[in-house]
Amino acid sequence: MATIRIFRHYIPTAFLYLAVLEGVFFFLAFEWAVAIRFWESDPATLASVQPVWPKAIVFSLVLVLSMAGMGLYERRTRDGFEGLLLRAMASFALGLVPLAVIFYLAPELFLGRGALAIAYSISLLGLVLTRGLFLRLGDQSMLKRRVLVLGTGRKAALITRYRRSSDMRELHLVGFARMGDAEEHIEPERILDIDSPLAEYAIDHDIDEIVVAVDDRRRGLPVHEILDCKMSGVHVVDLLSFFEREMGKIKLDVLDPSWMFLSDGFRGGAVRAYLKRLFDIVLAVLLLPLLLPLMLVVAVAVFIEGGLRGPILYRQVRVGENGRPFRIVKFRSMKTDAEKDGAQWATRNDTRVTRVGAVIRKVRLDELPQIFNVLGGNMSFVGPRPERPEFVEQLAEKIPYYNERHRVKPGLTGWAQICYQYGASEEDAFEKLQYDLYYVKNYSLLLDLMILVQTVEVVLMGKGAH
């Protein structure tokens, strides 16, 4: 399954085509619903609902974005058809919220409950058909990208250690080509001895991509043959870029320091910073009136549980952009003496968490006051989650490139938050850093929007919340 790169973020073309196909179907479903609903209506009534196409576009976009928020366009989902159907139904229900807001703000786009119900029914039926067809075709080897790995050593073996079989469903590993006399870490049955020229072998075996994964490029790397493959139309990629694309993270255990500044990405600039800041301000201003009533309810709940006394908000020093400290604001979710013994990692089933705190943490409501941190310029909506100075100092000493995550503003949500579980140890911090570095390298407004949409799934499914 091929991918395309938009604003330095890899998107599987199959899922992109699927989103377009489903968006078109939702558009047509709305048109059909209008035709069915007003089948026998008089001309005056028909004229009153025209034009239909702007309403159909809004309906289609909302459903596609809601489905994206529920993870229905992610390439490493583990759900079967039943799980996908449940997610689809949940995304349709979720779509009613933005549709209600849009209809309230723009009443001329509202068509009526009857037509909307018909459109939903037709859309769900079409979704079942398209997804069933997609899953059937997705299991066919013809849709998989045929990959040849150059190398049989330690680095090449990392490709075989994907966490789940679903991570490999887009790839067909043809084999691992032996390069020189390097130490082998691959099963003998997966090793290939290629006697013909590499380009000839790649063409004869329909190789789509070659991954260069030799442990020492100075020994036995056929540079001219690899160049011949590239000139023949075979895509050639290094191991780090392969992992970046397939796993959405920067693999620190194979990172070559020179790759950090020679690869595409890791670019800042005043224009990008200005656009990101403008995006944060506009989004915060739009969301604040909607969130204030919810924040008031949470504040009252925290105040009542505290016996009508004690702090409602919790302020804590965190490390921000370029290592500058700032005070983060959250609703208090722990007991007032939670850190009487010093800073501690949050853990699963943490006994320091209050009853109200357990609920608001589960759905991330404790983070809502951080919208004021965003307005104040200390945070962004999307970025690496800010850590405490005590933990940063500890982790920076043990994990290479840890401070590079502070090249951008910390965020309310982030790429690591939607890709990895809640971090409560140095091992988790290492894993999350790999996702944070991917974000720092590739961040753009498009990626920010994708993360915000997918955060909906994290909140609704309770992923990663402690």
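So, burial: 48% of the 466 residues in this protein are buried, where buried means under 20% relative accessible area, exposed means over 50%, and partly exposed is in between, using a 1.4 Å probe and protein chains only. Before I go on, this is a predicted model, so local features need pLDDT of at least 70 and side-chain atom pairs count only at pLDDT 80 or more, while totals for chains, interfaces and linings use all residues. Residues are numbered from 1 along each chain as its sequence is written, and side-chain values use heavy atoms, with hydrogens and water left out.

Okay, the overall make-up. The protein has 17 helices and 11 strands; these are DSSP runs numbered from the N terminus, with helices being H or I of at least four residues and strands being E of at least two. If you take the contacts with a separation of 6 or more, 75% of them are between residues 24 or more positions apart. Contact here means heavy atoms within 4.5 Å.

An unreviewed UniProt entry annotates "transmembrane region" over residues 14-36, 56-73, 85-106, 118-137 and 281-304. Those positions are in the numbering used here, feature names are shortened, and such annotations may be inferred rather than shown by experiment. What does the model show for two of them? Residues 85-106 are 95% helix and 0% strand, with the end C-alpha atoms 31 Å apart. Residues 281-304 come out at 100% helix and 0% strand, and there the end C-alpha atoms are 32 Å apart.

On to helix packing. Two packed helices are described by the angle between their axes and the distance between the axes. The axes are lines fitted to C-alpha atoms, for helices over the stretch in contact, and the angles run from 0 to 180 degrees between N-to-C directions.

Pair one is H1, residues 13-37, with H3, residues 53-69: the angle is about 140 degrees and the axes are 8 Å apart. H1 and H3 are therefore oblique to each other. For the cut-offs, under 35 degrees is roughly parallel, over 145 roughly antiparallel, 65 to 115 roughly perpendicular, and the rest oblique. The crossing of H1 and H3 is right-handed, meaning that the near helix is turned clockwise from the far one by less than a right angle, with anticlockwise being left-handed. Who makes the contact? On the H1 side the residues include Phe 26, Phe 27 and Phe 30, and on the H3 side they include Trp 53, Phe 59 and Leu 63. By class, the H1 and H3 contact residues are 12 nonpolar, 2 polar and 3 charged. In that scheme Ala, Val, Leu, Ile, Met, Phe, Trp, Tyr, Cys and Pro are nonpolar, Asp, Glu, Lys and Arg are charged, and the others, Gly among them, are polar.

Pair two is H11, residues 270-305, with H12, residues 355-362, at about 155 degrees and with axes 9 Å apart. That makes H11 roughly antiparallel to H12. Here Val 298, Ala 301, Val 302 and Glu 305 of H11 meet Arg 355, Val 356, Gly 357 and Ile 360 of H12.

Arg 364 sits in the loop between H12 and helix H13 (370-376), and its phi is positive, about 65 degrees, although it is not a glycine. At 22% relative accessibility, Arg 364 counts as partly exposed. Tyr 401, in the loop between helix H14 (389-398) and strand S11 (411-413), also has a positive phi, near 65 degrees. Tyr 401 is partly exposed, at 28% relative accessibility.

And a few individual residues. Is Lys 251 buried or exposed? Lys 251 is buried, with a relative accessible area of 11%, even though its place is in the loop between helix H9 (239-247) and helix H10 (257-262). Leaving out residues up to four places away in sequence, Lys 251 touches Leu 240, Phe 243 and Gln 434.

Thr 152 is another buried loop residue, at 4%, located between strand S3 (145-150) and helix H6 (154-157). Thr 152 and Ala 177 are 25 residues apart in sequence, but their C-alpha atoms are 6.7 Å apart.

Last one: Trp 415 in helix H15 (residues 415-419). Trp 415 is buried, at 8%, and its C-alpha is 7.3 Å from that of Gly 383, 32 residues away in sequence.
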